[in-house]
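Subject: Structure handover

Hello,

Here is the structure you will be working with. Please open it before you read on.

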Amino acid sequence: MPELPEVEIVSRGLARAMLGRRISGVKLNRLDLRFPLPQGFAARLEGRTVEAVGRRGKYIIASLSEGERLLMHLGMSGRFTIFPRHGKASSLGEFHFEESGGGIHDHVVFALDDGTRIVYTDPRRFGMMDLVPAAELASHRLMKGLGVEPLGRGLTPRYLACAFDGRIAPLKAALLDQRLVAGLGNIYVCEALFRSGLSPTRRAGTLVKDRKPDPRLRTLIKEIRSVLKRAITAGGSTLRDYAGTDGTSGAYQHRFSVYDRPGKPCVRRGCTGRVKRLIQSGRSTFYCPVCQR
DNA sequence: AGCTCGACCTGCACGC
DNA sequence: TGCGTGCAGGTCGAGC
């Protein structure tokens, strides 16, 4: 799935297509995504104007007229594709407008007043959508527990020291915990830890001394931001099914140092280690046991 | 409270 | 070719 960089790119793509547009119609092919779509979903969207599209963690939030907020998550395999009215230039290649949104996993289709269609496709249906009044967004059960934005001001060595203090969970697991930092996923945690020279198996609490941040936390934050920004610039990472809203693949997967490279030599200059794969809390971790400590 | 694991769902790559 | 197995970018909630 999409992690923060991929979600950010999708969010920008949606903003480009939807900003200032009125939703003229909504077609629901399936109501059962990760959670059932809320009552009256289509009717509550129709006629609303899109005033903003943004991201919080891995959630995309569209602000609609009359104070409605459309909350969306792509899960593992969710994807939005934008079909302009005269959709000939899309990188998806040739297609017919009438056929967009008719695929077996095309669950939701938004039609905009300028003829654009936006299709939500999600084979595994781990994604979700919900519609809530603006005033209730912050207290939404999926929003309220989210931690700081990794690219925002809130992520500081002091914050991480506070979050990690006393925790025996592996550093990898702590960074994947959306309640601490919102938006990191399996790929970019592996990559950021590699670049930081920190072992994913180290207990998170070992980077806190007397409630003060270990200097390596500053490096970790720097590398987290660096890897996320580079990935955004590269258009995200495409492993299987991620694509931007224009159907194009990302390119960051070609830049992985450790992710999905088990057995390959460590790319750090002078390091003789090989990338190792192990399972942590049910998910693959890739790292160099020699230079990550 | 913190942590791990199973469950959710489909598709694909692999080995036999 | 066909089938079984394991794996996949996430995260919620049960159970220890």
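This is a predicted model: local features need pLDDT of at least 70, side-chain atom pairs count only at pLDDT 80 or more; totals for chains, interfaces and linings use all residues.

Residues are numbered from 1 along each chain as its sequence is written, chains are lettered from A and ligands numbered from 1 in the order written, and side-chain values use heavy atoms, without hydrogens and water.

Start with Asp130. It lies in strand β8, residues 128-133 (strands are DSSP runs of E, at least two residues; helices are runs of H or I, at least four; both are numbered from the N terminus). Asp130 is buried (under 20% relative accessible area, 1.4 Å probe, protein chains only). What does its side chain meet in a polar contact? The partner is the side chain of His140, at 2.8 Å (a polar contact is a pair of N or O atoms within 3.5 Å; within protein, one must be able to donate a hydrogen and the other to accept it, and residues adjacent in sequence count only if both atoms are side-chain atoms).

Now the rings. The whole structure holds 5 aromatic pairs (ring centres of Phe, Tyr or the six-membered ring of Trp within 6.5 Å; planes under 30 degrees apart are stacked, over 60 edge-to-face, the rest tilted). Tyr188 and Tyr252 form a tilted pair, 6.0 Å centre to centre with 45° between the planes. They sit 64 residues apart, with Tyr188 in helix α6. Both are buried. Ring pairs link Tyr188, Tyr252, Phe256, Tyr259 and Phe286 into a cluster.

Best wishes

Note on methods
Buried means under 20% relative accessible area, exposed over 50%, partly exposed in between (1.4 Å probe, protein chains only). Lys and Arg count as positive and Asp and Glu as negative; His and the chain ends are not counted. A salt bridge is a side-chain nitrogen of Lys or Arg within 4 Å of a carboxyl oxygen of Asp or Glu.
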